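Subject: Structure handover and notes

Dear colleague,

Please find below the structure that I promised to pass on to you. My notes follow it, beginning with the strands and ending with the loops.

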Amino acid sequence: MLGGELLQLQLPPDLLAETLADSEGNPLSSVIAEDFELPIVFEDDHIIIINKPTGLVMHPAPGNRHGTLLNGLLHHDPSLYSVPRAGIVHRLDKDTSGLCVVAKTLESHTHLVRQLQAREMGRRYTAIVVGEVPINGTVNAPIGRHPRDRKRMAVNDKGKEAITHFECEERFLGCARISVKLETGRTHQIRVHMTHIGHSLVGDPMYGRRLAVLPRQVATVPAVANFTRQALHAHRLELSHPGTNEWVSFDAAIPDDMVQLGDALRYVAEEALRDDASNDR
């Protein structure tokens, strides 16, 4: 090759169908586009940045074929039928809120997937966890399917490499707010890793610890007792823009339910300090 040549690749029909499929392997052509408002914070010819609310599922799955982010994206931009998984390159759990990026073209999709594979895309989360978490730390432990419960993930010697960095930003009574940076992107990674080191996320219905592990004055606070999703929000996304190669970043404010949870925990902690000070007099 001398340079300047044009190469064309024709994928076999079966491989093309596999490429243009949702997360369950169903062809995108079988997914119904649905009209509902998407929480878009940025869009241009190359990418869409979504601030996903809690409760929104990203991909259709058995028993949940409608109302997902993918359904909405296909209505918002029908050209996404020609992009693998309608441009979704990384996932957030149903009840995790925050930022995710969608590729609008095949070229952008390839660009973003390569960033993920090279661990160049920055993904930062805010979480509220149980226990006296260290000031900072790194969890480097492989994650794979749970040996007995296929719906769960677990630290598993036969799993894939998984690395999570965290810093404590605020201490409450019996729990803390932390900032988390992902180096890899395994399913349920933050939830599994924090549980593995004894600091599961407040409200996590799958991996969380019982309210009994919290001080009584914390566990009985309605904002805590009634918090039934994992306290996890993807607050920052940093990436190389596929169209310009410029480094760009996006931020999403902490959602109201986590703000209220933090306020309640802060109030209880301050009350405990006032009580201690009063008893010392």
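In which sense do strand β8 and β9 pair, and over how many bridges? The two strands pair in the antiparallel sense over 7 bridges, where pairing requires that DSSP finds at least two bridges between two strands.

Before going further, please bear in mind that this is a predicted model, in which local features need pLDDT of at least 70 and side-chain atom pairs count only at pLDDT 80 or more, whereas totals for chains, interfaces and linings use all residues. Residues are numbered from 1 along each chain as its sequence is written, and side-chain values use heavy atoms, with hydrogens and water left out. Helices (H or I, at least four residues) and strands (E, at least two) are DSSP runs, numbered from the N terminus.

Strand β9 and its partners

Strand β8 covers residues 163–171, and it forms a hairpin with β9 that has 3 residues between the strands, with Gly174 in the turn taking a positive phi of about 80°. Within this pairing, Arg171 has Ala176 of β9 as its bridge partner. β9 is also joined to β4 by 7 bridges, again with the strands running antiparallel, and here Lys181 in β9 is the bridge partner of Arg124. Strand β9 (residues 175–182) is largely enclosed by the rest of the structure, because 6 of its 8 residues are buried; buried means under 20% relative accessible area, exposed means over 50%, and partly exposed lies in between (1.4 Å probe, protein chains only).

Val180 is found in strand β9 and counts as buried, at 1% relative accessibility. Not counting residues up to four places away in sequence, Val180 touches Arg123, Arg124, Tyr125, Thr164, His165, Phe166 and Ile190, contact being defined as heavy atoms within 4.5 Å.

Helix α4 (residues 189–196) is mostly covered, with 6 of its 8 residues buried, namely Gln189, Ile190, Arg191, Val192, His193 and Met194. Gln189 has a relative accessible area of 2%, and, leaving out residues up to four places away in sequence, it touches Ile143, Ala162, Ile163, Thr164, Leu182 and Thr184. Just after α4, Gly198 takes a positive phi of about 90°.

A nonpolar core is a set of buried Ala, Val, Leu, Ile, Met, Phe, Trp, Tyr and Cys residues joined through side-chain atoms within 4.5 Å. The largest such core has 35 residues, of which Leu69, Leu73, Tyr125, Val133, Ile178, Ile190 and Met194 touch the most other members. The elements that give two or more residues to this core are β2 (47–52), α2 (69–76), β3 (97–103), β4, β8, β9, α4 and β10. A second, separate core of 17 residues includes Cys175, Val224, Phe227 and Val268.

The largest pocket

About 1900 Å³ of space lies in the largest pocket. Of the 50 residues that line this pocket, Arg91, Asp93, Arg186, Thr187 and His188 are the closest to its centre. On a 1 Å grid over the protein atoms alone, a pocket is an open set of points where a 1.4 Å probe fits, with protein on both sides within 12 Å along at least five of seven lines, and lining residues have an atom within 4 Å of a point. Grid points are joined across faces, edges and corners, and the volume is the space filled by probe spheres set on the points. α3 gives the most to the lining, with 4 residues.

Loops with a positive phi

Most residues other than glycine have a negative phi. Ala86, however, has a positive phi near 55°; this residue is found in the loop between α2 and β3 and counts as buried, at 0% relative accessibility. Asn245 also has a positive phi, of about 65°, but lies in the loop between β10 and β11 and counts as exposed, at 56% relative accessibility. Glu246 has its place in the loop between β10 (232–240) and β11 (247–251), and at 51% relative accessibility it counts as exposed.

With best wishes
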